[in-house]
Amino acid sequence: MIRDPETIKQLVDLIERFVRDRLVPAENKMAEDARLPDDILQEMKELGLFGLTIPEEYGGLGLTMEEEILVSIALGRTSPAFRSIMGTNNGIGSAAIVFNGTEAQKQKYLPRYATGEWVSCFCLTEPDAGSDAASLKTTAVRDGDHYILNGTKRYITNAKVAHTFNVMARTDPDNKGARGISSFIVEKDTPGITLGPVDKKMGQAGSLTCDVIFEDCRVPAENIIGEEGEGFVTAMKVLDRGRLHIAGVSVGVAERLIKDALDYAIQRKQFGKPLAEQQLIQAMLADSQTEAYAAKCMVLETARKRDNGENVSTESSASKYFATEMVGRVADRAVQIHGGAGYMSEYAVERFYRDVRLFRLYEGTSQIQQLIIARNMIKAAS
Ligand SMILES: Cc1cc2nc3c(=O)[nH]c(=O)nc-3n(C[C@H](O)[C@H](O)[C@H](O)COP(=O)(O)OP(=O)(O)OC[C@H]3O[C@@H](n4cnc5c(N)ncnc54)[C@H](O)[C@@H]3O)c2cc1C
């Protein structure tokens, strides 16, 4: 749902200009330093990018899902690591509080996330619980006015810079499944938190992940989000929205890769004419354009349905599955169209080829999306 077409057009135009004039020229530096330049971080905060999805009454822009997708496509046209830094505040790090937090929690945390003063992160994955997240082992044991957390979380995006951790932990040891899990806000200064070294990754340099270890970490009981046992259901709701966002970013990245490949194919000559006039190159360009357009239609349609209050579990997974696989194919073709140059780090397609690999892995792998889609189909038929 677009609330006011003119306002959203202005916002998207503004972000497109910021991406083109500030982020694209800084891509190489961020990849080399594996660090977001301070001036760009500050500009992102000033533009309100940390509060895109936080409701207006808590200082954010309160974008609808369709509006968020238009923004995510615009942000996708540069290195995904830029988006990743404010992505957790807008998505998986704050959404549980937006969906299920108390008024006091909303008042305390959301305005700080919206300005970027505080960064949040989402702690679900563990060394022995990835796709099977409901089997997580981190425990939260009630002790008077506190819960005591013990366990290790793995590959946590933005943990190194986070002020708060949204942690899923088991409050009911007798229930080994999803219903035994609760969700907590843990502030970074709470004694008993240790961060592991920054992970060395394949791509998205500048977006930092690491382990988060909780050892007898005492968290005030008021920091539980919702009721005991609701944590996993809330986390799945959070991921439903996050998956659509990732699908939107995948469309934006695909559009960028298509532009880079087309520009290169027009200027590079072989056999006496531009690559773009070779029909096999045209086939790769046309396939990429067609698939990116299909993904864009899917994700926008799903976003509109979600804004209308429909259950979009199937469509959300289908969008994430198709868009993230699509951008993998588009990145592969973009490298192919560049020939040997596509293997060289001088060209952005080399970096994007590595960056986009992540989209098929996190917030539910492609196989997990397939399982969700099929499970929903079977449920609807029986
Ligand atoms: C860079 C990065 C950032 C991340 N950020 C976060 C974060 O901020 N917060 C967070 O909580 N997590 C985060 N993750 C974790 C991510 O969500 C998990 O890595 C992902 O869910 C997969 O879990 P796994 O790595 O344990 O793989 P596994 O679950 O071990 O899966 C391995 C393979 O088996 C397949 N598989 C598993 N089960 C089945 C099945 N039933 N049927 C068919 N195939 C199956 C998977 O699809 C995959 O191909 C991040 C990961 C990375 C790499």
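Hi everyone, let's start with helix α4: eleven of the eleven residues of α4 are buried, so this helix is largely enclosed by the rest of the structure. Before I go on, please keep in mind that this is a predicted model. The buried residues of α4 run through Pro 80, Ala 81, Phe 82, Arg 83, Ser 84 and Ile 85, and on through Met 86, Gly 87, Thr 88, Asn 89 and Asn 90.

Now to helix α3. Here, too, eleven of the eleven residues, 65–75, are buried, so α3 is largely enclosed by the rest of the structure. If you click along α3, the buried residues include three glutamates in a row, Glu 66, Glu 67 and Glu 68. Among the others buried there are Met 65, Ile 69, Leu 70, Val 71 and Ser 72. What covers the buried residues of α3? The cover includes α1 (5–33), α4 (80–90), α7 (231–267) and α8 (279–307).

Let me pick out α8 from that group. The axes of α3 and α8 come within 7 Å and cross at roughly 150°. Angles over 145 degrees count as roughly antiparallel, and that makes α3 roughly antiparallel to α8. On the α3 side, the contact is made by Met 65, Glu 66 and Ile 69. On the α8 side, you will find Val 299, Leu 300, Ala 303, Arg 304, Arg 306 and Asp 307.

Six of the eight residues of α10 (residues 348–355) are buried, so α10 is largely enclosed by the rest of the structure. Those buried residues are Ala 348, Val 349, Arg 351, Phe 352, Tyr 353 and Asp 355. They pack against α1, α4, α7 and α9 (313–338).

Let's zoom out to the domains. The domain assignment of the chain gives domain 1 (5–115), domain 2 (120–228) and domain 3 (233–381). For domain 2 and domain 3, the centres are 30 Å apart, taken over C-alpha atoms. The contact takes nine residues from domain 2 and nine residues from domain 3. On the side of domain 2 that touches domain 3, the residues divide into four nonpolar, five polar and no charged.

That brings us to the ligand. Why does the ligand lie between domain 2 and domain 3? Both domain 2 (120–228) and domain 3 (233–381) give residues to the shell around the ligand, so it lies between them. Of the 20 residues around the ligand, the ones that come nearest are Thr 125, Gly 130, Ser 131, Thr 365 and Gln 367. As for secondary structure, β1 (120–123), β3 (146–157) and α11 (366–381) each supply at least two residues of the shell. The shell residues divide into eleven nonpolar, seven polar and two charged.

Staying with strand β3, have a look at Tyr 147, which lies in that strand. Is Tyr 147 buried or exposed? Tyr 147 is buried, with 24 other C-beta atoms within 10 Å. Leaving aside neighbours within four places in sequence, Tyr 147 is in contact with Ala 140, Val 141, Arg 142, Phe 184, Val 219 and Ala 221. Tyr 147 and Arg 218 are 71 residues apart in sequence, yet their C-alpha atoms are 5.7 Å apart in space.

Also in strand β3 is Tyr 155. Tyr 155 is buried, with 20 other C-beta atoms within 10 Å. Its backbone deserves a glance: most residues other than glycine have a negative phi. Phi of Tyr 155, however, is near 55°, a positive value. Glu 363 is another non-glycine residue with a positive phi, of about 55°. You will find Glu 363 in the loop between α10 and α11, and Glu 363 is buried, with 24 other C-beta atoms within 10 Å.

My last stop is Ala 374, in helix α11. Ala 374 is exposed, with 12 other C-beta atoms within 10 Å. Ala 374 and Phe 122 are 252 residues apart along the chain, and 27 Å separate their C-alpha atoms.

Note on methods
Residues are numbered from 1 along each chain as its sequence is written. This is a predicted model: local features need pLDDT of at least 70, side-chain atom pairs count only at pLDDT 80 or more; totals for chains, interfaces and linings use all residues. Helices (H or I, at least four residues) and strands (E, at least two) are DSSP runs, numbered from the N terminus. Two residues are in contact if their C-beta atoms, placed from the backbone, lie within 7 Å. A residue is near a molecule or strand if its C-beta atom, placed from the backbone, lies within 6 Å of it. Ala, Val, Leu, Ile, Met, Phe, Trp, Tyr, Cys and Pro count as nonpolar, Asp, Glu, Lys and Arg as charged, and the others, Gly among them, as polar. Domain bounds come from an automatic or database domain assignment. Axes are lines fitted to C-alpha atoms, for helices over the stretch in contact, and angles run from 0 to 180 degrees between N-to-C directions. Angles under 35 degrees count as roughly parallel, over 145 as roughly antiparallel, 65 to 115 as roughly perpendicular and the rest as oblique.
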